[in-house]
Amino acid sequence: HFTTSDINALIAPRPHLGLAGLQDGLTPVEGLDIIDAEMQRVYAEHGVPENWKLLRYDVGHQETPEGRQEILKFLKFHLDG
């Protein structure tokens with residue numbers, strides 16, 4: 001009835017950051033590509049392409065120090081406006 005992209009699109013146009021591990025069996029790279037392309041389209045249609053960001057790391061399902069820094073940067077950018 002719906003796709004992961006459909007669910008992710010519900011938050012648009014509000015800021016949305018996704019972090020994914022390329023070795024995470026729950027998130028196949030091909031699926032990430034589909035979601036990223038669809039979200040880029042959705043956010044562009046809303047006129048706020050900068051509000052969508054997907055970062056990928058060569059890890060499993062885990063947080064990385066680099067990812068944590070990106071989270072803080074994303075929050076600072078969108079909360080400090």
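Q: In which helix is E70 found?
A: In this predicted model, E70 is found in helix α3.

Q: What makes the approach of the side chains of E70 and K73 a polar contact?
A: The two side chains make the contact at 3.3 Å. The cut-off for a pair of N or O atoms is 3.5 Å, so the pair of E70 and K73 counts as a polar contact.

Q: Which residues does E70 touch, not counting residues up to four places away in sequence?
A: E70 touches L17, K53, L55 and Y57. Each is called a contact because heavy atoms lie within 4.5 Å.

Q: What surrounds A20, not counting residues up to four places away in sequence?
A: A20 touches L32, L54, L55, R56 and Y57. For L55, which is 35 residues from A20 in sequence, the C-alpha to C-alpha separation is 6.3 Å.

Q: What makes up the largest nonpolar core?
A: The core has 10 residues in all: A12, A20, L32, I35, M39, V42, Y43, V48, W52 and L54. They are called a core because they are buried residues of the listed nonpolar kinds, joined through side-chain atoms within 4.5 Å. Two or more of the core residues come from each of α2 (29–45) and β2 (52–57). The largest share, five residues, is from α2.

Q: Which residues is V42 in contact with, leaving aside its neighbours within four places in sequence?
A: V42, a member of the core, is in contact with A9 and A12.

Q: How do you know whether the peptide bond from A12 to P13 is cis or trans?
A: Its omega is near 10°, and the bond is cis. Most peptide bonds are trans. P13 is found in the loop between α1 (4–9) and β1.

Q: What makes the pairing of the side chains of E45 and R41 a polar contact?
A: The contact is at 2.6 Å. That value falls within 3.5 Å, so the pair of E45 and R41 is counted.

Q: How much space lies in the largest pocket, and which residues are closest to its centre?
A: The largest pocket holds about 200 Å³ of space. It is lined by 14 residues, and those closest to the centre are L19, A20, G21, H61 and Q62.

Q: Which elements each supply at least two residues of the lining of the largest pocket?
A: They are β1 (16–21) and α3 (65–80). The largest share, three residues, comes from β1.

Q: How do the residues of the lining of the largest pocket divide into nonpolar, polar and charged?
A: Five are nonpolar, seven polar and two charged.

Q: Where does G60 lie, and what does G60 touch, not counting residues up to four places away in sequence?
A: G60 lies in the loop between β2 and α3. G60 touches G21, Q23 and D24. G60 and H78, 18 residues apart in sequence, are 27 Å apart from C-alpha to C-alpha.

Definitions and conventions. Residues numbered from 1 in each chain as written. Predicted model: local features only at pLDDT ≥ 70, side-chain atom pairs only at ≥ 80, totals over all residues. Heavy atoms only, no water. 1 Å grid on protein atoms, 1.4 Å probe; cavity = no way out; pocket = protein on both sides within 12 Å on 5 of 7 lines; lining within 4 Å. Points joined across faces, edges and corners; volume = space filled by probe spheres on them. Nonpolar A, V, L, I, M, F, W, Y, C, P; charged D, E, K, R; others polar. Polar contact = N/O pair within 3.5 Å; in protein donor to acceptor, adjacent residues only side chain to side chain. Buried < 20%, exposed > 50% of the residue type's maximum accessible area, 1.4 Å probe, protein only.
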